[in-house]
Amino acid sequence: MTFNPMYLFYILVFPGFLFTSFAGLLLAGIDRKVLAHMQKRIGPPITQPFYDFMKLMGKETIVPDAAPKAVFLGAPVIGLISLFVTALLIPFAGLTPFYGIADIIVLIYLLTIPAVAIIIGGAASGSPFSGVGISREMVTIVSYELPLILVLLTVGKKAGMALTGGMTFSLIDISAYQAQNGMMITHWAMIPAAIAFLLIIPGEVGTQPFDVAEAETEICEGTMAEYSGAPLALFELSHSVKMFIMTALFTALFLQGWTTGIVALDAVIDLAICILLTIITMTLPHASAARLKVEWLFRFYWQIVAGLALISLILVWLGL
Amino acid sequence: MFKKLIDSCTEKSPWIYHINSGSCNGCDIELVAVLTPRYDAERLGFKLVGTPRHADIVVVSGPVTSQSRERLIRTIEQVPDPKVVVSLGSCPRSCNVFKGSYSVEGPLDKFVKVDVSVAGCAPKPEAVIDGLYKAAQILKEKRRNMK
Amino acid sequence: MLPFMKVAVKNLFSKSDCEKYPFVPKEAPANYRGRIVFYPEKCIGCDICERVCSPQAISTSEEQKEDGIYVTRTFHMGSCTFCQTCVDFCPKHAIEMSKDYDMVVTDENDLKVSGTYQKKQRGIPVSAPKPAAKPATEAPVKN
């Protein structure tokens, strides 16, 4: 395809580096503030994650002796860049700068890369706390990948059956299907899949009931135990950006198909939906449940969440 | 170019790491009471972290005992610059009632440079908030004078 | 988990319980044992407080000047355990504990509370006490 100078704008500003970072840090700030109000206290200002990021850029970076330097410093960069590429693929406010025939498959692989980057960073740290952290993170990845793939296949099949009679893997086709037939969530067979995706969001992001890998109080912050300064800032940024990506993916899969005509207003409404989803799926369980053990996490995702997604998949395959 | 921005943000988000080097736990209870809903220190940006590599302010309580001396010095050396050491209570200042005991090596400023002392036995949570606030301002000064 | 969710949502829409300390001043309750206030003109030099103090936070030093011996008693707040035993044992009530709880310092000398008085000796007139914490009456000459 020919080079379009608008691509630079898409990559760097919207929805690329600047907008995704800004939205991610804003979501993280709102999550902390709402959590504080749920616990009857005041909490930090909403711009607190921005202050955290700038402060961490000003700290000294210490590389432990036992760590291979290039891998140690490169792991957070790889995770962050793959998240930015994911943001370019997801339709947000009706805009898709880059699209292809097999978006969903690329998305599955791209969403695994940040988690693997955490594992690589932890393995390169050379500390026993990181060792425990990476084994827990591996179990977490295995447990949420199964329901995630089932939900994506369900949505693709539903949109594909109406358009071509088969299966579609392209997010553009899913948007077009929703523009014609109403939002995906209004079809009653898709509701278990929507609930399953809402339960996958906190597991993928790694917030409180499901954050066995980054357990602050148990294993000295697990995989991030030896990070300090700029690499730590990048890890925190990728944690916040993942919140935005997962909620934007939910709106792209289940809540598309409407438009008000003005791109800016669409973007604001989409951002508001992302904020609401963050509060419901990440802050509310954080305030009301304790951290799950690794065995329970595995059992929860493979029995309950995968079961819900499987019910939807079977109903869609039968043509309902 | 970003130096002024980074300097002003250093004061607004100091992260705390707590070391207990032999205290009676009274000052530790007052420190975690500061993070409860009644005296919420998180509205000023403070957060308790689990590893010294993430910390800006190191809060030490208790006199330095023989068993914890070497580990205390190694842990404080692992904290990246700029850092501030706060001694909480009267034990790190002068070993309080444990002076002259067979296992107490001495006050904290014999081993580590101490920036802020919060006196009291145990200090009131409001005094702890004051001490942490002053430590955040000293942190900003140190960041400004760095490189 | 569900009862906690109901409490969390209810708290979201109600007022917070927080005391905004640095912006709203807070006074300690009555009978709070805070920083020591020493009235040197009432001290008779019996040294009971120094013997009774368990962390040995009280020290005395003397200085010979041309018009008499001046005794300085120092209370080190960085070593005090705020047990009030010195206040209970002082026969002349020269020690008092105020409600000041805010003792955050960067320099150790700010933690020392001291007072100086002239030692009463036979045949030496006592000069007017130096203006200390509050104005005191002239001490009578002992013969």
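Two residues are in contact when heavy atoms of theirs lie within 4.5 Å. With that in hand, here are some close-up views.

This is a predicted model, in which local features need pLDDT of at least 70 and side-chain atom pairs count only at pLDDT 80 or more, while totals for chains, interfaces and linings use all residues. Residues are numbered from 1 along each chain as its sequence is written, chains are lettered from A and ligands numbered from 1 in the order in which they are written, and side-chain values use heavy atoms, with hydrogens and water left out.

**Figure 1. A:Met224 and its contacts in chains A and B.** Let us begin with one residue. A:Met224 sits in the loop that links α8 (191-205) to α9 in chain A; helices here are DSSP runs of H or I with at least four residues, strands are runs of E with at least two, and both are numbered from the N terminus. Setting aside neighbours within four places in sequence, A:Met224 touches A:Glu214, A:Leu232, A:Phe235 and A:Glu236, as well as B:His54 from chain B. Its relative accessible area is 6%, so A:Met224 is buried. On this scale, buried means under 20% relative accessible area, exposed means over 50%, and partly exposed is in between, using a 1.4 Å probe and protein chains only. If you look for A:Glu295, 71 residues from A:Met224 along the chain, the two C-alpha atoms are 22 Å apart.

**Figure 2. Chain A, the setting for A:Met224.** Stepping back for a moment, chain A has 11 helices and 0 strands. Read from the N terminus, its elements run α-α-α-α-α-α-α-α-α-α-α. The C-alpha trace spans about 60 × 50 × 40 Å along its principal axes. For 320 residues, a compact globule would have a radius of gyration near 20 Å, and chain A agrees, because its value is 20 Å. That radius is taken over C-alpha atoms, and the globule rule is 2.2 Å times the number of residues to the power 0.38. Of the 320 residues in chain A, 56% are buried. Among contacts with a separation of 6 or more in chain A, 78% come from residues 24 or more positions apart.

**Figure 3. Helices α7 and α9 of chain A packed together.** Helix α7 (residues 171-181) meets helix α9 (residues 230-254) at an angle of about 55°, and their axes are 8 Å apart. This angle makes α7(A) oblique to α9(A). Axes are lines fitted to C-alpha atoms, for helices over the stretch in contact, and angles run from 0 to 180 degrees between N-to-C directions. Angles under 35 degrees count as roughly parallel, over 145 as roughly antiparallel, 65 to 115 as roughly perpendicular, and the rest as oblique. Which residues meet here? A:Leu171, A:Ile174 and A:Gln178 of α7(A) face A:Ala252, A:Leu253 and A:Phe254 of α9(A) in this contact. By class, the contact has 5 nonpolar residues, 1 polar residue and no charged residues. Here Ala, Val, Leu, Ile, Met, Phe, Trp, Tyr, Cys and Pro count as nonpolar, Asp, Glu, Lys and Arg as charged, and the others, Gly among them, as polar.

**Figure 4. Helices α1 and α5 of chain B packed together.** In chain B, helix α1 (residues 3-10) and helix α5 (residues 125-144) pack at about 160°, with 8 Å between their axes. The angle makes α1(B) roughly antiparallel to α5(B). From α1(B), the contact draws on B:Lys3, B:Ile6, B:Asp7, B:Ser8 and B:Thr10, and from α5(B) on B:Leu139, B:Lys140, B:Arg143 and B:Arg144. Sorted by class, the contact of these two helices has 2 nonpolar, 2 polar and 5 charged residues.

Figure 5. A cis peptide bond with omega of about -10° joins B:Asp81 and B:Pro82. B:Cys95, a residue other than glycine, has a positive phi near 60°.

Figure 6. Apart from neighbours within four places in sequence, C:Asn11 contacts A:His37, A:Met38 and A:Lys40. C:Phe82 is not a glycine, yet its phi is positive, at about 60°.
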